[in-house]
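Hi,

Here is the structure I said I would pass on. Have a look at it first, and then read my notes below.

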Amino acid sequence: MSAPEVQHLDPVEGKRRVDAGALLLDVRNPDEWQAGHPEGAAWIPMGELAERQEELPTDREIVVICKVGGRSARVAEALIAAGYDAANVAGGAEAWQEAGMAIVTDDGQPGTVA
């Protein structure tokens, strides 16, 4: 069986889909999340996804993001294989920030992509 086809979105399209109702899922590690994450993102580290998958919505698209797009592409592929509607942000949080979208810390202050 071949791997499911993953859509790779540029950050602007990813943000448009999130603004239209998709869930933005950050799958980076705790230290990366704490340094800064896309504003409004949900967070489940990639290593915890298997046991926390039931937290994800089945009724809307999931836009997955990591630092540069590699881990999120693998997570999006796994989610699609499990029946979710998922896409990957190409370039990850680095591209998200470069495109001018907010990266914040848990208290809402400006963050950095670690």
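**What I found**

Just after helix α1, Gly21 takes a positive phi of about 125°. Please keep in mind as you read that this is a predicted model.

Let me stay with α1, which covers residues 11–19. At the start of this helix, a side-chain oxygen of Asp10 comes to within 2.9 Å of the backbone nitrogen of Val12. Which residues of α1 are buried? They are Pro11, Gly14, Arg17 and Val18. Looking down the axis of α1, you will see these buried residues fall within an arc of 125°, so they line one face of the helix. On the face turned away from the buried side, α1 carries the exposed residues Val12 and Asp19. As for what the buried residues of α1 pack against, the list is β1, β2 (23–26), β5, β6 and α5 (92–98).

Now for the sheet. It is an open one of 5 strands, paired in parallel, and the order is β1-β6-β5-β2-β4. β1 and β4 stand at the edges with a single partner strand each, so one side of each has no neighbour in the sheet.

If you want to trace the pairings, start with β1 (residues 7–9), which runs parallel to β6 and is joined to it by 3 bridges. Gln7 has Ala87 as its bridge partner in β6. On to β5 (residues 62–65), which also pairs with β6 in the parallel sense, over 3 bridges. Here Ile62 stands opposite Ala86 of β6. To get from β5 to β6, the chain passes through helix α4 (residues 70–81), and this β-α-β crossover is right-handed. Further along the sheet, β2 and β4 pair in the parallel sense over 2 bridges, with Leu25 facing its bridge partner Ala42 in β4.

Strand β6 itself spans residues 86–89. In a regular strand the side chains alternate between the two faces of the sheet. In β6, Ala86 and Asn88 point one way while Ala87 and Val89 point the other way, and all are buried.

What about aromatic pairs? A search of the whole structure turns up 1. The partners are Trp33 and Trp43, which are stacked, with 5.1 Å centre to centre and 5° between the planes. Trp33 belongs to helix α2 (residues 30–35) and Trp43 to strand β4 (residues 42–43), so the pair ties together parts that are 10 residues apart in sequence. Are the two buried or exposed? Trp33 counts as buried because its relative accessibility is 8%, under the 20% cut-off. Trp43 has a relative accessible area of 25% and is partly exposed.

Which residues is His37 in contact with, leaving aside its neighbours within four places in sequence? They are Asp26, Arg28, Ala102, Ile103, Val104, Thr105 and Asp106.

That's what I have for now. Happy looking!

Definitions and conventions
Residues numbered from 1 in each chain as written. Predicted model: local features only at pLDDT ≥ 70, side-chain atom pairs only at ≥ 80, totals over all residues. Heavy atoms only, no water. Buried < 20%, exposed > 50% of the residue type's maximum accessible area, 1.4 Å probe, protein only. Helix = DSSP H or I, 4+ residues; strand = E, 2+ residues; numbered from the N terminus. Pairing = 2+ DSSP bridges. Right-handed = clockwise from strand over helix to strand, strands pointing away. Phe/Tyr/Trp six-rings, centres within 6.5 Å; stacked < 30°, edge-to-face > 60°. Arc of directions from axis to C-beta. Contact = heavy atoms within 4.5 Å. Polar contact = N/O pair within 3.5 Å; in protein donor to acceptor, adjacent residues only side chain to side chain.
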